[in-house]
Amino acid sequence: MPACVLAYSGGLDTSVILGWLQDEGWDVHCVYVDIGQPGEDKQAILQKAKDCGAASSRIVDVTEEMCRDFAFPVLKAGAKYESIYLLGTSIARPLISKVMLQVAREVGATAYAHGATGKGNDQCRFQLAAEALDPSVQMIAPWRIKAFRDKFPGRTELIAYCEEKGIPVKATSAKPYSSDENCLHVSYEAGDLEDLSVAGVDVVDFTMGVSPQEAPDKLEEVTIGFEHGVPVSINGTKLGAKDLVEKANELAGRNGVGRIDMVENRFVGMKSRGVYEAPGMTLLYEAHRMLEELTLDRDLMHLRDQLSPVVAEMVYYGLWYTPKLDALFAFTDKAQEPVTGEVTLGMYKGNLMARRRSSPNSLYDAEIASMEGGGSYDQDDATGFLRITGLPCRVQGTVTPRSY
């Protein structure tokens, strides 16, 4: 029989997809890609796949790689999709596809199956990454196959199939929303969140931290150290990428940092409402921005500001393995060379405030900037500067006067 790999979570959908693929004549190799999903019994999920007839099943832990090689380059670029979303789900998907293809190569599988729907962004991210790495790969997306949708039009049919096949599932009523978790963030969408008259923060049972209202009534300081734009330490302790993100989550989460509610534009064309929590990454983004204020010159920072939305858009769309993004990341690496130093922030009830910042590469000169006398800046020079800068304005104002 032909072989395929299945991105397997052990939940209702992928449990059904495992059985359906076997019914369709596939040998299925289940892969649970560990990206720091909290609160799951991974060994039980592995055993469930074996019990349900998978040709093989394995857990591949790539949490460190995701933080180091995927999340931190996006952080260095200052990339936020539509100015607010920190791309936690988007960042993980191309890495998942890479792992799936590595396993497929090992077991001799020719196809890659996943449980993403035909309306969402994840189908794009999985497939575009996979095809960039292996142009010959066969993608199997059951929710885009009419016969599968006809067989399973709703949750009732999915549960009935599992009962018929003896597949253990938690046959409970659907949550009022769906969620996706990794160590970078948790996203919540669908269900009750599709009603824009509902306050998302009232619907969602957040898991990474407390609300701003429940946060301590005392400001807590935290110091983040960076080397060339990469966060490397918290409160003076050097940490690996995964441990640093987890520590940032702990500190920012207990102070109510990092919750957003947005209506975003999906790659497939529709608008959707999402609620996100990313306490640690929100903290790291703000610390990084504050250090850039010291170390990047004006023209470089403004160019970076123009390119950051481009990076965010490509990551959101799933265009990770492309020459354009390679080039943008190469620019970021060069631009971030001076971004080394420490930033101390105050965390208070969801807010982040600058307390102290320092860098051996600081371009801030207190004598020049001071409103008092001194320094190498001669205010007389500003007259000629403004006369030259204002020349086009004076000419234009003479030729085509504006009413005022």
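**View 1. Ser-178 sits in strand S6.** Strand S6 covers residues 178–181; helices (H or I, at least four residues) and strands (E, at least two) are DSSP runs, numbered from the N terminus. This is a predicted model, in which local features need pLDDT of at least 70 and side-chain atom pairs count only at pLDDT 80 or more, while totals for chains, interfaces and linings use all residues. Residues are numbered from 1 along each chain as its sequence is written, and side-chain values use heavy atoms, with hydrogens and water left out. Is Ser-178 buried or exposed, or partly exposed? Ser-178 is partly exposed because its relative accessibility is 31% (buried means under 20% relative accessible area, exposed over 50%, partly exposed in between, with a 1.4 Å probe and protein chains only). Beyond its neighbours within four places in sequence, Ser-178 contacts Ser-187, Tyr-188, Glu-189 and Ala-190 (contact means heavy atoms within 4.5 Å).

**View 2. S6 and S7 make a hairpin.** Four residues lie between the two strands. S6 and S7 run antiparallel and are joined by four bridges; two strands pair if DSSP finds at least two bridges between them. Pick out Ser-179 and look across to S7, where its bridge partner is Tyr-188.

**View 3. Another open sheet has five strands and parallel pairing.** Reading across, the order is S3-S2-S1-S4-S5. Which strands stand at the edges? They are strand S3 (56–61) and strand S5 (138–140), each with a single partner strand, so one side of each has no neighbour in the sheet. Neighbouring strands of this sheet are turned by 25° against each other on average, direction ignored. Helix H2 (residues 42–51) packs on the sheet and touches strand S2 (27–34) and S3, its direction making about 155° with that of S3. Strand S4 (residues 111–113) runs parallel to S5, and three bridges join them. For a pair to trace, Ala-111 has Gln-138 in S5 as its bridge partner.

**View 4. Tyr-85 lies in the loop between helix H3 (63–76) and helix H4 (88–107).** The "binding site" annotation in an unreviewed UniProt entry covers Tyr-85, Ser-90, Asn-121, Arg-125, Ser-178, Ser-187, Glu-264 and Tyr-276. Of these residues, Tyr-85 and Tyr-276 are included in the lining of the second largest pocket. UniProt positions are given in the numbering used here, feature names are shortened, and annotations may be inferred rather than shown by experiment. Tyr-85 is buried because its relative accessible area is 3%. Neighbours within four places in sequence aside, Tyr-85 contacts Lys-80, Ser-90, His-185, Ile-260, Met-262, Tyr-276 and Tyr-316.

**View 5. The second largest pocket is lined by 32 residues.** A pocket is an open set of points, on a 1 Å grid over the protein atoms alone, where a 1.4 Å probe fits and protein lies on both sides within 12 Å along at least five of seven lines; lining residues have an atom within 4 Å of a point. Lys-80, Ser-83, Ile-84, Leu-86 and Tyr-285 lie nearest its centre. The pocket holds about 540 Å³ of space, a volume being the space filled by probe spheres set on the points, with grid points joined across faces, edges and corners. Which element gives the most to the lining? H10 does, with seven residues. S11, S12, helix H10 (279–295), helix H11 (298–317) and strand S14 (351–358) each supply at least two lining residues.

**View 6. Thr-117 is in the loop between S4 and helix H5 (122–133).** An unreviewed UniProt entry places a "binding site" feature at Thr-117, Asn-121 and Asp-122. Thr-117 counts as partly exposed because its relative accessibility is 41%. Not counting residues up to four places away in sequence, Thr-117 touches Gln-123 and Trp-143.

Conventions. Axes fitted to C-alpha atoms, helices over the stretch in contact; angles between N-to-C directions.
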